[in-house]
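This report describes the architecture of a two-chain model, taking each chain in turn and then the contact between them. The sequence and coordinates are shown first.

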Amino acid sequence: MRLEPRTEATFWLRAMAPILAVIVALALCGFLILWAGAPLLEAYAALARGALGSRFALSETLTRATPLIFTGLAVAVAFRAKLWNIGGEGQLYAGALAATWVGTGAIDLPAYLMIPAIFSAAALAGGLLLLLPTLLKIRLKVDEVVTTLLLNFVVLLFVNYLLFGPWKDPLSMGWPQAAPIVDSGLLPNLVDRTRLHFGLLAGLVASVAVWIVMRFTHWGFEIRAVGLNTPAAVFAGIPVNATVVRTALLSGGLAACAGVTEVCGTKGYLTLDISPGFGYTGIAVAMLAGLHPLGVVVSAVFVAAIYNGADSMSRAVGISNYLADVMTAVALLAVLVSSLLVQYRIRRG
Amino acid sequence: MSSNVQPPSVLSVRGISKRFGDIQANRDISLSLNAGEVLALLGENGAGKTTLMSILFGHYVADAGSIEVNGRPLPPGSPSAAIDAGIGMVHQHFTLADNLSVLDNVVLGTERLWSPFQRRRQARDRLSALADRFGLNVDPDARVGNLSVGERQRVELLKVLYRDARILILDEPTAVLTPQEAEALFQTLTEMVSNGLSVIFISHKLNEVMAIAQRIAVLRHGAVVGEYNRADTSRTELATAMVGREVASPTRTQMDAGEPVLELKSVSLRHNNSRLLHATLKVGQHEVLGIAGVSGNGQTALADLVSGLCVPESGELVVLGRPAGGHTPAHMVAAGVGRIPEDRHTAGVVHEMTVSENLVLESYRQPEFSRFGWLRVRPILEHARTLMERYDVRGAGPDTRTSSLSGGNMQKLILARVLSRRPPLVLACQPTRGLDVGATAYVHQQILETRNQGSGILLISEDLDELLTLSDRIMVIYQGELSPAIPTEQADRARLGLLMSGQRTTGPSSGRDHAA
């Protein structure tokens, strides 16, 4: 058995491959559900209901998708330039810290200025956080996978310190949480009686903006060239190091915006658990989307739907909601295999 | 060859076909190899030579057809069956472990995995016996990493002989050798066939095939288009059979060199394991300066220097009359240096980007293609259409991914990007490596036209025929040092070959003055 490159892949093949992959992934996970002793159809029905089945379910899924869009975009941008940013989680919390600092009294402006100010401060914080490992990579060839990953824990512990120490809200009855964001800094609700907030729109705008930057600007051209073939970019005279630094600022900034949507949108104040690993899940989201900025929106909604659906599936048929992690992982593997099969066909001999 | 008795056939291939996707790599190929002969397999890149040999050696399984060795069928798809049947293959790219000794490399894989003792002494004796018999002298204890390319090839041959091969397949064996090393190889091959071994010699070089083979099979588009006895054929006949039409080689007209466009004054540097020592050269307008040499003798350092990838550690680099200090690739592009890189796949193009994007890879920031940081999509596409037509880039549109282009068309794309900006200085590194005859002729013609229009060209090549065709003067690079420039009229293969192997001719030498 060997792989043979396809001379051309049709549009339909490309379009259908990820959909088929997801169906295959759900089928594979069906075995796990059966193994856990739950009725398969009922379980999937509960999952679908919990993910998309009602106004509430849908709004919860989209609320959950919002930070994933940002962390997914952050990874998509960085990976395009072969900058392996695994630090989305840390950058998210850096953004959350900046948002809390600006949003709890450092300044007070009308909402139409306050919200952009918060987003800018957060993006700056996230970008600068990623700048450090990036400079180490460029100057000393330190592997950024390790440094960005480890910085996540540093940032999280710093948040821990602040929330148990100087930033602890005296009115929180002992809970480790910061003071609430001032009203002008809160992201407005999009739909009444749901948690769905303005962050989703910001995420959609960001993904279109990132797509435009990647496709139609110098910077995007440089990021793509550097990521796809660094030696050729060097040879052509493209400023490789500057490109990588710019990518880092953009990627860190995007991940940090996820912190803003959680602090100023979903929660209203900073806690230690604003992110159940959105930064890491962003990697899966970006890979599922094939690093395409617009695809990130679709895959973020898909992943959020799986997680939300798995919660209600777990309640309905009594199996662990960890199955959501397995499903996302299997879907990711299936999509990777399918993209391989789009490029190659399998031949015997 | 006077005897009437037909020599016995040791290998026969019948009706081999192999398809890869849409490409018919081999089409109903039948051949037979006789004991004690050299059969040349002549064909352009992509004619199907290597595929056929890979099928023979069991790397691939043919879609149809059969192979017999000494009258017994060879089971398909098994390299070990091929080795057992006495087939040995020397690949174009060596398959040696650089960190092991010659003896280790030869023995590697022939000993049983769990054998408690290594039979070193027998192995050593056997190796030296083989080496003596075929004139393949290498120190068995030398580390392969320290050997020259010619010596490594001898190790490859010894490896195959050590496994009792009776049929040797050599895939483009002279590609990396100096003319003298190639000559030595031919003597070894002659020795082998007179000992009753049989050799399949794969090549696209006509003069080699005429020098060594008794019979020649020509492959084109995956099929055998003719079999010839060397005695009854000619180079022109073979060339026409190989290409399918007559190919005219470009002619260089005499011109006087103008103002210097590139000067190196005693430049020394070390970069990427390649070095230059006190290199001094001068390229004028209307001039092609050829740099000959076996690969790995400093060509990379020279090319990277002129490309802007590195700077001299000592000495001076003058580009278009201006001293160049601390230059980067972007500076070189802006200064008007057109650069055709040695490896078009890694340095020349970005495979996953489109043809139009690759055509502006060096110029996307020019005002014609950009405005306030935005790419001007329509002019970029228009530019691509114009250049693709002018430089005859086929098989793609401006929006096609560059990876789908053939090697020749990819090189045309690079030529288009470089030459359309009318650079006064052009660096061309191995500009026709891996190209077929048609594309090679096109590249040669473009290089000469560029020279005729007034540019100076630094041509670095390992192909002596190419250098002798295009260059006005030729310098030889050996271990980072440049020989004095020889006018092409006075250069011949033997003289260049001696210089390539490090032997200096006596007499006045301007380039050596600094090397004290």
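Chain B has a secondary structure of 17 helices and 23 strands. The model is a predicted one, and the description below should be read accordingly.

**Overall dimensions**

Chain B has 516 residues, for which a compact globule would have a radius of gyration near 24 Å; the value for chain B is 25 Å, which agrees. Taken along the principal axes, the box filled by the C-alpha atoms of chain B is roughly 70 × 55 × 50 Å.

Chain A contains 13 helices and 2 strands. Its radius of gyration is 21 Å, close to the 20 Å given by the globule rule for 349 residues, so chain A is as compact as a globular protein of that length. The C-alpha trace of chain A spans about 70 × 60 × 35 Å along its principal axes.

**An open sheet in chain B**

In chain B, an open sheet is formed by 4 strands in the order β2-β1-β4-β5, with antiparallel pairing. Its edge strands are β2 (23-34) and β5 (72-73) of chain B, each of which pairs on one side only. Strands of a sheet pair through backbone hydrogen bonds, in either a parallel or an antiparallel manner.

The pairings can be followed across the sheet. Strand β1 (residues 9-20) of chain B is joined to β2(B) by 8 bridges, and the two run antiparallel. Within this pairing, B:Arg19 has B:Gln24 of β2(B) as its bridge partner. β1(B) and β2(B) form a hairpin with 2 residues between them, and B:Gly21 in the turn has a positive phi of about 55°.

β1(B) is also joined to β4(B), by 5 bridges and again in an antiparallel arrangement. Here B:Val13 stands opposite B:Ile67 of β4(B). Strand β4 (residues 64-69) of chain B is in turn connected to β5(B) by 2 bridges, the strands running antiparallel. In that pairing, B:Val69 has B:Arg72 of β5(B) as its bridge partner.

**A further set of paired strands in chain B**

Strand β11 (residues 260-271) and strand β12 (residues 274-284) of chain B pair in the antiparallel sense over 8 bridges. B:Leu262 has B:Val283 of β12(B) as its bridge partner. β11(B) and β12(B) form a hairpin with 2 residues between them, and B:Asn272 in the turn has a positive phi of about 50°.

β11(B) also pairs with strand β14 (residues 314-319) of chain B, in the antiparallel sense and over 5 bridges. In this pairing, B:Lys265 stands opposite B:Glu316 of β14(B).

| Strand pair | Bridges | Sense |
|---|---|---|
| β1(B) and β2(B) | 8 bridges | antiparallel |
| β1(B) and β4(B) | 5 bridges | antiparallel |
| β4(B) and β5(B) | 2 bridges | antiparallel |
| β11(B) and β12(B) | 8 bridges | antiparallel |
| β11(B) and β14(B) | 5 bridges | antiparallel |

**Helix packing in chain A**

Helix α3 (residues 55-80) and helix α7 (residues 199-216) of chain A pack at an angle of about 20°, with their axes 8 Å apart. Because angles under 35 degrees count as roughly parallel, α3(A) is roughly parallel to α7(A). The crossing by which α3(A) passes α7(A) is left-handed. Residues that make the contact include A:Leu62, A:Ile69, A:Phe70 and A:Leu73 of α3(A), together with A:Gly203, A:Ala206 and A:Val210 of α7(A). By class, this contact has 9 nonpolar, 4 polar and 1 charged residues.

The crossing of α11(A) and α12(A) is right-handed. The contact is made by A:Thr281, A:Ala284, A:Val285, A:Ala286 and A:Leu288 of α11(A) and by A:Val296, A:Ser299, A:Ala300 and A:Val303 of α12(A). These residues divide into 7 nonpolar, 2 polar and no charged.

**Contact between the chains**

Between the two chains, 29 residues of chain B are in contact with 19 residues of chain A. On the side of chain B that touches chain A, α10 (329-335), α11 (344-348) and β18 (374-375) of chain B each supply at least two residues. By class, that side of chain B has 16 nonpolar, 9 polar and 4 charged residues.

Definitions and conventions: Residues are numbered from 1 along each chain as its sequence is written. Chains are lettered from A and ligands numbered from 1 in the order in which they are written. This is a predicted model: local features need pLDDT of at least 70, side-chain atom pairs count only at pLDDT 80 or more; totals for chains, interfaces and linings use all residues. Two strands pair if DSSP finds at least two bridges between them. Two residues are in contact if their C-beta atoms, placed from the backbone, lie within 7 Å. Ala, Val, Leu, Ile, Met, Phe, Trp, Tyr, Cys and Pro count as nonpolar, Asp, Glu, Lys and Arg as charged, and the others, Gly among them, as polar. Axes are lines fitted to C-alpha atoms, for helices over the stretch in contact, and angles run from 0 to 180 degrees between N-to-C directions. Angles under 35 degrees count as roughly parallel, over 145 as roughly antiparallel, 65 to 115 as roughly perpendicular and the rest as oblique. A crossing is left-handed if the near helix is turned anticlockwise from the far one by less than a right angle, and right-handed if clockwise. The radius of gyration is taken over C-alpha atoms; the globule rule is 2.2 Å times the number of residues to the power 0.38.
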